[in-house]
Structure formats: C-alpha cells, structure tokens
Amino acid sequence: MMPQYEALSDRSWATIHMVEYDVAISFAGEQRSEAEAIADCLTNLGIKVFYDAYDQAGLWGKNLYDHLADVYQNKARYCLMLVSTAYAAKVWTNHERVNAQARALSQKSEYILPVRFDETEIPGLPVTVGYVRFQDHGVHGICNLLRQKLRELPKESQAREITKPTTTPDLSQ
C-alpha cells in the first residue's frame, strides 16, 4: 500500500521547521563563479543565503552528508538550483537535489527554483517545472527575480524563528 502524504503549504512548512536561510544555492563547481556572484548580490540585498564558501569555518569538520541534507531539505525557504551537464554528473549536487526534491514533495508551493545553463535533464525535476535561463537573465536578473519571489511570501512565513512540532506525522498509513 502506498503511503499517503499531506502536502504542506510554504506557511505550514515554515511553521514546522527552523528556517535559517531565505535561499540555499545548489550548484556544480563549474558554475561556482555564477553561484558566488548570485550569493553576493542576494546578500547585499539583505537576503539570507546558504552558499558553502560563506560558511567554511562552520562546515569544517562537520559530517557534510548529514548537514547538507538538512540544509537542502529543511533550512531554506527556496533552493536555487543551477542546472547544467556538470550539475547532473556530480555526486554532491545529486545529494543536494534529492534532499531538495524530498522537501518539494512535502509542500504545495514551489521550493526548487531551477536556473538552466543548458538543456540537461535532471532526474526527478519534471520538464513542467518553471525555470529561467541564466543566459537570459544573468546574475542581477536572477537576484532580482529571487527578491521578487521572496516578497510574494505571506508575512507569517517570513519570520525566522519558528518552533518545531512536538509530534511527528504518521507516514505509515
């Protein structure tokens, strides 16, 4: 029997989890310069960003497999996914993607915001998901689109300090 899941709205998700970042950027090393430029632009606008280079001391010595799973599944309002051939081929980006997809499955509103560098298909990312092309928007265009996206959130879901539930949902039904 297939388990039944109740999708959560962005507001419900934020109510259940501690959201530390407005956006977590998932990218292959080949797009590091673009990821860093986007992260810098967003940070300059006061947007809280998870970008690995910003937290080198914090990541040092951590079990990155577990920590990154938590970041991409639980700690951000959105996952900005820089999609490319290199992205599809990397072990760590696939780990980030799988955890972002687990989050996307459990909420009604959009979570993964794909930015395409080429036409590579990404497993589990339906072709029906809206995306933007990096070549059409560039760093500042992506930055501005994300700022607009964050402004669309209800005021209640913009709070950073959120309490975790005392019970967990029964997914065995």
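**Strand pairing and a helix crossing**

Q: In this predicted model, which residue of β2 does V23 stand opposite?
A: Strand β1, which covers residues 21–26, pairs with strand β2, residues 49–50, in the parallel sense over two bridges. Within this pairing, the residue of β2 that stands opposite V23 is V49.

Q: Which residue of β3 does A24 stand opposite?
A: Strand β1 also pairs in the parallel sense with strand β3, which spans residues 76–83, and this pairing runs over five bridges. In β3, the residue standing opposite A24 is C79.

Q: How many of the six residues of β1 are buried?
A: A residue counts as buried when its relative accessible area is under 20%. Strand β1 is described as mostly covered, and the number of its residues that are buried is six of six.

Q: Are α2 and α7 roughly parallel or roughly antiparallel to each other?
A: The axes of helix α2, residues 32–44, and helix α7, residues 134–151, come within 8 Å and cross at roughly 30°. Angles under 35 degrees count as roughly parallel, and therefore the relation of α2 to α7 is roughly parallel.

Q: How many nonpolar residues does the contact of α2 with α7 have?
A: The crossing of these two helices, α2 and α7, is right-handed. On the α2 side the contact is made by E34, A37, I38, C41 and L42, while α7 contributes F134, V139, H140, I142, C143 and L146. Sorted by class, the contact has one polar residue and one charged residue, and the number of nonpolar residues is nine.

How values were computed: Residues numbered from 1 in each chain as written. Predicted model: local features only at pLDDT ≥ 70, side-chain atom pairs only at ≥ 80, totals over all residues. Heavy atoms only, no water. Axes fitted to C-alpha atoms, helices over the stretch in contact; angles between N-to-C directions. Helix = DSSP H or I, 4+ residues; strand = E, 2+ residues; numbered from the N terminus. Parallel < 35°, antiparallel > 145°, perpendicular 65-115°, else oblique. Left-handed = near helix turned anticlockwise from the far one by under 90°. Contact = heavy atoms within 4.5 Å. Nonpolar A, V, L, I, M, F, W, Y, C, P; charged D, E, K, R; others polar. Buried < 20%, exposed > 50% of the residue type's maximum accessible area, 1.4 Å probe, protein only. Pairing = 2+ DSSP bridges.
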